[in-house]
Amino acid sequence: MAVVFEIYRDKKKEYRFRLKAANGEIIATGEGYKSKQGCLNGIKSIQKNAPIAEVKDFNPNRDLLVACDKGDVPAIKKALAAGANPNAKDSEGETALIEASESGKIAAVKLLLASGAKIDSKDNEGETALHEAAEEGHLAIVKYLVEQKAKVDLKDKKGNTPLLKAIIEKKENVAKFLIAAGAKTSIKNKDKDSAFSLAEKNQLKKILRVL
């Protein structure tokens with residue numbers, strides 16, 4: 001590991017830097033700056049005495065989202081320990097929990113919920129972690145989210161509930177579970193489709209038998 005300057009944001013949302021030695025030991029820390037450019041200027045003044053140090057933009061929220069997308073539990077733990085917000089969102093509004101639910105790794109989902117992730121947070125399309133898990137057919141995660149009191153009838157911007165998403169994507173086991181868990185089958189999306197009409201269009205006989 002090279003000698004590096006790490007840029008990060010503190011609890012007051014100010015930019016700070018710390019200088020780390022090759023062994024990971026913190027050699028020096030900087031004051032708080034209102035802008036990243038101010039922080040970089042502070043680094044430049046220090047680099048005169050440490051010309052071999054690289055500049056590293058330390059962003060635990062970004063690291064958390066990347067780890068959740070991969071379902072990488074050790075990396076998720078590392079990012080959270082470094083101060084990542086368990087409710088961090090990416091540019092599409094997807095939370096860490098939504099990313100983890102999409103990955104199919106239930107251990108990642110459990111870790112985030114235990115760390116304070118909000119179970120019903122929506123992304124820019126109005127989808128929750130339960131929507132994503134249902135759409136991808138991750139039954140174990142769907143069951144766990146419902147067990148943890150996720151709202152089963154929330155609609156996305158197209159009016160689809162997790163049940164409707166499961167039927168659209170032909171995830172019959174997930175759809176059957178959600179129906180058994182009390183999901184409303186009478187809800188219609190913006191295309192005026194209900195669980196029954198979608199199951200009929202997709203020829204999902206198992207679903208039609210329980211509706």
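Predicted model: local features only at pLDDT ≥ 70, side-chain atom pairs only at ≥ 80, totals over all residues.

**Packing inside the model**

A: Skipping its neighbours within four places in sequence, Leu 145 is in contact with Ser 101, Val 109, Leu 113, Ile 119, Ala 129, Leu 130, Ala 133 and Ala 150. Leu 145 is also one of the residues with the most contacts inside the largest nonpolar core, which has 46 residues. Leu 64, Ile 76, Leu 112 and Ile 167 are on that list too.

Another core, of 9 residues, lies apart from the largest one, and Val 3, Phe 17, Tyr 33 and Ile 43 are among its members. We'll come back to Phe 17.

First, helix α5. This helix spans residues 106–114, and its buried residues are Ala 108, Val 109, Leu 111, Leu 112 and Leu 113. They pack against four helices: α2 (60–70), α3 (73–81), α4 (96–103) and α7 (139–147). After α5 comes Gly 116, with a positive phi near 105°. Also worth a look is Lys 110, whose charged end sits over the ring of Tyr 144, 5.2 Å from the ring's centre.

Now back to Phe 17. The structure has 1 aromatic pair. Its rings belong to Phe 5 and Phe 17; the centres are 5.9 Å apart and the planes meet at 75°, so this is an edge-to-face pair. Phe 5 is in strand β1 (residues 4–9) and Phe 17 in strand β2 (residues 15–20), so the pair links parts 12 residues apart in sequence. Both phenylalanines are buried.

β2 pairs antiparallel with β1 over 6 bridges, and the two make a hairpin with 5 residues between them, where Lys 13 in the turn has a positive phi of about 65°. With strand β3 (residues 26–29), β2 again pairs antiparallel, over 3 bridges. That hairpin has 5 residues between its strands, and Gly 24 in the turn has a positive phi of about 90°.

Arg 18 in β2 is handy for tracing all this: Arg 18 is the bridge partner of Glu 6 and stands opposite Thr 29 in β3. The charged end of Arg 18 sits over the ring of Tyr 8, 4.1 Å from its centre.

Last, the cysteines. Cys 39 is buried at 0% relative accessibility, and Cys 68 is buried at 0% too. The disulfide count is 0.

Definitions and conventions:
Residues numbered from 1 in each chain as written. Heavy atoms only, no water. Core = buried A, V, L, I, M, F, W, Y, C linked by side-chain atoms within 4.5 Å. Buried < 20%, exposed > 50% of the residue type's maximum accessible area, 1.4 Å probe, protein only. Contact = heavy atoms within 4.5 Å. Phe/Tyr/Trp six-rings, centres within 6.5 Å; stacked < 30°, edge-to-face > 60°. Lys NZ or Arg CZ within 6 Å of the ring centre and 35° of its normal. Disulfide = S-S within 2.5 Å. Pairing = 2+ DSSP bridges.
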